[in-house]
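Hi,

Here is the structure I promised to pass on.

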Amino acid sequence: MDNENKIIISPLNNELIEDINKTNDYFKLYGKVVPSLQSGKWSYKEILFDETRETRFPDDKLDWSQYINREDKALFLAYMNNTCIGQIRIMKDWNRFCYIENIATKKDYRGNGIGKLLLNKAEEWAKQRKLIGMSLEAQDDNLDACRFYVKQGFILGGVDTLKQSYNPNIETTLYWYKLFK
C-alpha cells in the first residue's frame with residue numbers, strides 16, 4: 001500500500017467514540033459450520049446454503065469510556081485516509097485469554113488484510129499482558145468469519161447449542177481459540 005492508503009490503528013479515545021459503530025456493516029450468510037466431537041477433538045464440515053442472505057449485528061451501546069486507557073480491556077480502530085474502516089474490541093478474560101468481544105471491517109475494505117492487522121494488534125496487546133492466547137465466539141452460520149479465524153490460526157475449541165436459543169436462525173455458537181507459542 002502506498003502512503004496515501006496507509007492504515008493507522010488507534011486505541012480508542014474520547015474523540016474517536018463516534019466512529020465505533022461505523023464499522024458495523026451488513027455481511028453475507030452463505031453457509032454454516034457443522035461441528036463434530038470425536039475422541040475429545042473438535043472437527044467440522046461446511047455446508048453451503050441454497051440461498052445467500054445478509055444480516056448485521058445491532059449497534060453496540062456500551063459505556064465506551066470503559067475501553068479507554070484500561071489495563072484489562074481495549075478497543076482499537078483502523079483508519080485509512082481518516083475514515084474508520086475497522087475495529088477490534090478486546091478484554092482480559094478470567095482464563096488468561098484475550099477475549100475478542102467484536103471484530104469488524106467495513107464491507108468495502110474486507111479481504112484487504114484489515115482484520116489481520118486488527119488481530120495482530122490484539123495479539124500484541126495480549127502478549128504484553130502475558131496472556132496465553134486469544135478466544136472469541138462466532139455463530140455457526142457466519143461461515144466467512146469462521147474461515148477467516150481458521151486462516152489466522154484459530155482452532156475450534158467448543159460449541160454451545162443453547163446460548164442462541166432465542167434466535168431461531170442460529171443453532172450453534174462456536175468457540176475459537178488461538179494459543180500463543
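Predicted model: local features only at pLDDT ≥ 70, side-chain atom pairs only at ≥ 80, totals over all residues.

Below is what turned up, starting with the core and ending with the aromatic rings.

Residues are numbered from 1 along each chain as its sequence is written, and side-chain values use heavy atoms, with hydrogens and water left out.

**The core**

Let's begin inside. A nonpolar core here is a set of buried Ala, Val, Leu, Ile, Met, Phe, Trp, Tyr and Cys residues joined through side-chain atoms within 4.5 Å. Buried means under 20% relative accessible area, exposed means over 50%, and partly exposed is in between (1.4 Å probe, protein chains only). The largest such core has 32 residues, and I88, I90, I100 and W176 have the most contacts inside it. Elements that give it two or more residues include β2 (27-38), β5 (83-92), β6 (97-105), α1 (114-128) and β9 (173-179). (Helices, H or I with at least four residues, and strands, E with at least two, are DSSP runs numbered from the N terminus.) Which element gives the largest share of this core? That is α1, with six residues.

Where does this core lie relative to the two domains? Domain 1 (1-24 + 59-131) and domain 2 (30-58 + 132-180) both contribute residues, so the core lies between them. The domain bounds come from an automatic or database domain assignment.

Now zoom in on I88. Contact means heavy atoms within 4.5 Å. Leaving aside neighbours within four places in sequence, I88 touches A74, L75, F76, I100, N102, I103, L118, L119 and A122.

**T23, tucked into a loop**

T23 is in the loop between β1 (7-11) and β2, and it is buried, with a relative accessible area of 1%. Its side chain makes a polar contact with the side chain of Q87 (3.4 Å). For that term, we need a pair of N or O atoms within 3.5 Å; within protein, one must be able to donate a hydrogen and the other to accept it, and residues adjacent in sequence count only if both atoms are side-chain atoms. A polar atom of the T23 side chain also lies 3.3 Å from the backbone oxygen of I20.

**A hairpin**

β2 and β3 (residues 41-55) pair in the antiparallel sense over 11 bridges; two strands pair if DSSP finds at least two bridges between them. V33 stands opposite E46 in β3. The hairpin has two residues between the strands, and S39 takes a positive phi near 55°.

**Aromatic rings**

There are six aromatic pairs. Rings of Phe, Tyr and Trp (its six-membered ring) pair if their centres lie within 6.5 Å; planes under 30 degrees apart count as stacked, over 60 as edge-to-face and the rest as tilted. F27 and F57 form a tilted pair, 5.3 Å centre to centre with 40° between the planes. F27 is buried at 14% relative accessible area, whereas F57 is partly exposed at 39%. In another pair, the rings of F97 and Y177 have centres 5.3 Å apart and planes at 70°, so this one is edge-to-face. F97 in β6 and Y177 in β9 are 80 residues apart. Lastly, F148, Y149 and F154 form one aromatic cluster.

Cheers
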